[in-house]
Amino acid sequence: MDKKKLIIIEDDMDISEELSEILQLEGFTVHTAASAREAMKFFSKNSYFVCLLDLKLPGNGFEIIKKLQENKKIPRLIIITGSPLEMLDKSKKYLLDCAENIFMKPFNIEELIRQIRRTDVDKKT
């Protein structure tokens, strides 16, 4: 697995493109997907050390988490969401236990990059 390859799963193209550009400048290889279906195609052909996942997107972010857990291919997961987590029902909250961190939109890009770098360091140990 490429220690610097990550995937952004986000249906807001402005956010996705901006994040992708910034993370590429930071030295990461970045793939982007705008739906669960598109993301699963990437996962069938690639391994990632980090997945930045928006929960509310076409195909549902929670379904992506379930499928990755079933296939035991789950990378380090960082949630990016604009939805209040208190609004989630209990059946979905347990899926967030596998997340390294949760960033609420709008989020601080420097903090997100620090989290990704910490995740990269933690994975090596």
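This is a predicted model: local features need pLDDT of at least 70, side-chain atom pairs count only at pLDDT 80 or more; totals for chains, interfaces and linings use all residues.
D12 sits in the loop between β1 (5–9) and α1 (13–25), helices (H or I, at least four residues) and strands (E, at least two) being DSSP runs numbered from the N terminus. With a relative accessible area of 31%, D12 is partly exposed, a class that lies between buried (under 20%) and exposed (over 50%), computed with a 1.4 Å probe and protein chains only. Residues are numbered from 1 along each chain as its sequence is written; local features need pLDDT of at least 70 and side-chain atom pairs count only at pLDDT 80 or more, whereas totals for chains, interfaces and linings use all residues. Side-chain values use heavy atoms, with hydrogens and water left out.

K67 belongs to helix α3 (residues 61–71) and is partly exposed, at 39% relative accessible area.

Helix α1 also holds S16, which is buried, with a relative accessible area of 2%. Leaving aside residues up to four places away in sequence, S16 touches I8, E10 and T32, where contact means heavy atoms within 4.5 Å. S16 and T32 are 16 residues apart in sequence, and their C-alpha atoms are 6.9 Å apart in space.

Five salt bridges are found in a search of the whole structure, each being a side-chain nitrogen of Lys or Arg within 4 Å of a carboxyl oxygen of Asp or Glu. In one of them K105 pairs with D54, the closest N and O atoms being 3.4 Å apart; this pair links distant parts of the chain, with K105 in the loop between β5 and α5 and D54 in strand β3 (residues 50–54), 51 residues apart. D54 is buried at 3% relative accessibility, whereas K105 is partly exposed at 26%. E10, D54 and K105 are linked in a network of salt bridges.

The peptide bond from K105 to P106 is cis, with omega near -10°. Most peptide bonds are trans.
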